[in-house]
Amino acid sequence: MKIISEKGFPQDLSDLESSSSSDLDVDTMTCAHLRVVRGMCWVCKSEVFKYIDKDLWLSPDEIAGIRMVESEKLLKDRKIVLVLDLDHTLLHSTKDSKHLKTRQELLEHNINKEGLISLKHLGMMTKLRPYVHTFLKEASTMFEMYIYTTADRRYASLMAEFLDPENVYFKSRIIVREDLFAPDEKNLQLVLRHQRMVLVLDDTKHVWRYHPDNLILVKRYYFFDARHDIVSLSAMNNDEGETTGVLATILKKLKLIHRLFFNPKFKGGLAHRDVKLILDRLKVLQGCKLTFEGIFPSDFEPQNSRLWMMAEELGAICSTSVFTSRTHVVTLVATEEESRQAELDGIILVHPAWLHSCYELAKRFPEADYPIKMKNKKLRSS
């Protein structure tokens, strides 16, 4: 069964949506075989991609061809792929009547209306997560982005209009309930890009059971009352911070992953890069907050050092300020007094060799195995 000819592959998913069948030489007939289960024909192994075109069936060879060509184009543009969930990740919607207020009612009740969208014709109120527009704008410079939701197409398309009013971020790349292989399963098979270059942001882990290593789990956004055991942000007359909230923090992580993926110092070319390996390494020193003392010359920028970059690649947070919360001080020597004070403060003093070992084997070694040298504090003569 021929679906797309050898004339070429679509430049973008939106090209498929806007082009006619004759332009792309697409057979708009559905698969002729009767054994179609979960969007796949058991006879010819073709799959349907309804979010591109409701009648678009692609054979395994065609899927592989599109995936290869489009992935290579992205890599040449120094882009990888970001798949985004909607509800509780980028926004929160409710049909609870007590939240369904008009703009005037919001003003009267002194409710923070930033990002609040009243959809009274649908009996719904939606709240966009703080920082979401800045997040999408900056992420779009590094990623080709998809919406992937278990909601239906009508709802997802409406939310996409609020998130992307100019239709520049997602275009036709919106995968919804009607496209899924199973109601509670999200599968990267529907994303026509190499899986090694696909990151997923979602608040729900179990729906990605076939792709857990591509997932960055997001803290759920509960603006409205949703569960009896969770106090919503609106109930506290509060919200996440614009620049200190979840999306701002995740954006920093995405920038780091993007930088690591395209790092020219990595061994091998781009064909050997894999976001799953990067995410795995970022877990090694997750939760560690490092400062460096007595390591670099005073006129040197620590952020440019190999030690700093290694620590970040392993998931540690590095800082030049001694006033920030920190778990480790990477140093060569310390006085007994400094050592005792660090112990009282719950701070670990560790030798730079510890970072080198952790980096080399992508494993966190016991800090006690990498002690620093103790020195006597010299007294100044009067």
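Predicted model: local features only at pLDDT ≥ 70, side-chain atom pairs only at ≥ 80, totals over all residues.
Reader: Which strands pair with S15, and in what sense?

Author: To read pairing, look at the bridges between two strands. Strand S13 (residues 289-293) runs parallel to S15, with 4 bridges between them. Strand S17 (residues 348-350) is also parallel to S15, joined by 3 bridges. You can find these pairings residue by residue: glutamate 293 is opposite threonine 331 of S15, histidine 328 is opposite isoleucine 348 of S17, and valine 329 has leucine 349 of S17 as its bridge partner.

Reader: What is the order of the strands in that open sheet of 4 strands?

Author: Read across the sheet and you meet S14-S13-S15-S17, with parallel pairing. Strand S14 (317-318) and S17 are at the edges; each has a single partner strand, so one side of each lacks a neighbour in the sheet. Helix H11 (residues 352-361) packs on this sheet, where it touches S13, S15 and S17. The direction of H11 makes about 105° with that of S15.

Reader: And what is the strand order in the open sheet of 5 strands?

Author: That order is S10-S9-S5-S11-S12, and the pairing is parallel. The edge strands are S10 (174-175) and S12; each of them has a single partner strand, so one side of each is left without a neighbour in the sheet.

Reader: Could you walk me through the bridges? How many join S5 to S9, S5 to S11, and S11 to S12?

Author: Gladly, taking one pair at a time. S5 and strand S9 (residues 143-148) are parallel, with 5 bridges, and isoleucine 80 is opposite phenylalanine 143 in S9. Strand S5 (residues 80-84) and S11 are parallel too, with 4 bridges; here valine 81 has valine 198 of S11 as its bridge partner. Finally, S11 and strand S12 (residues 215-217) run parallel with 3 bridges, and aspartate 202 is opposite leucine 217 of S12.

Reader: How many residues of S11 are buried?

Author: In strand S11 (residues 198-202), 5 of the 5 residues are buried, and the strand is mostly covered.

Reader: Now for antiparallel pairing. Which strands run antiparallel to S8?

Author: Here you follow neighbouring strands that run in opposite senses. Strand S6 (residues 91-94) is antiparallel to S8, with 4 bridges, and leucine 91 is opposite leucine 128 of S8. Strand S7 (residues 116-119) is also antiparallel to S8 and has 4 bridges to it; isoleucine 117 has threonine 126 of S8 as its bridge partner. S7 and S8 form a hairpin, with 4 residues between them. In the turn, glycine 123 has a positive phi of about 65°.

Reader: Why is S8 described as largely enclosed by the rest of the structure?

Author: Because 5 of the 5 residues of strand S8 (residues 124-128) are buried. Met124, Thr126 and Leu128 point one way from S8, while Met125 and Lys127 point the other way.

Reader: Let us turn to helices. At what angle do H5 and H7 pack?

Author: For two packed helices, look at the angle and the distance between their axes. Helix H5 (residues 132-139) and helix H7 (residues 246-261) pack at about 10°, and their axes are 10 Å apart. That makes the two helices roughly parallel. On the H5 side you will find Val132, Phe135, Glu138 and Ala139, which meet Leu247, Ile250, Leu251, Leu254 and Lys255 of H7. Sorted by class, this contact has 7 nonpolar, no polar and 2 charged residues.

Reader: To finish, how many helices and strands does the chain have?

Author: The chain has 11 helices and 18 strands. Of its 382 residues, 48% count as buried. The chain exposes about 20700 Å², with 52% of that supplied by carbon and sulfur atoms. As for contacts with a separation of 6 or more, 67% are between residues 24 or more positions apart.

Note on methods: Residues numbered from 1 in each chain as written. Heavy atoms only, no water. Buried < 20%, exposed > 50% of the residue type's maximum accessible area, 1.4 Å probe, protein only. Contact = heavy atoms within 4.5 Å. Areas by Shrake-Rupley, 256 points an atom, 1.4 Å probe, with all protein chains shown as cover. Pairing = 2+ DSSP bridges. Axes fitted to C-alpha atoms, helices over the stretch in contact; angles between N-to-C directions. Parallel < 35°, antiparallel > 145°, perpendicular 65-115°, else oblique. Nonpolar A, V, L, I, M, F, W, Y, C, P; charged D, E, K, R; others polar.
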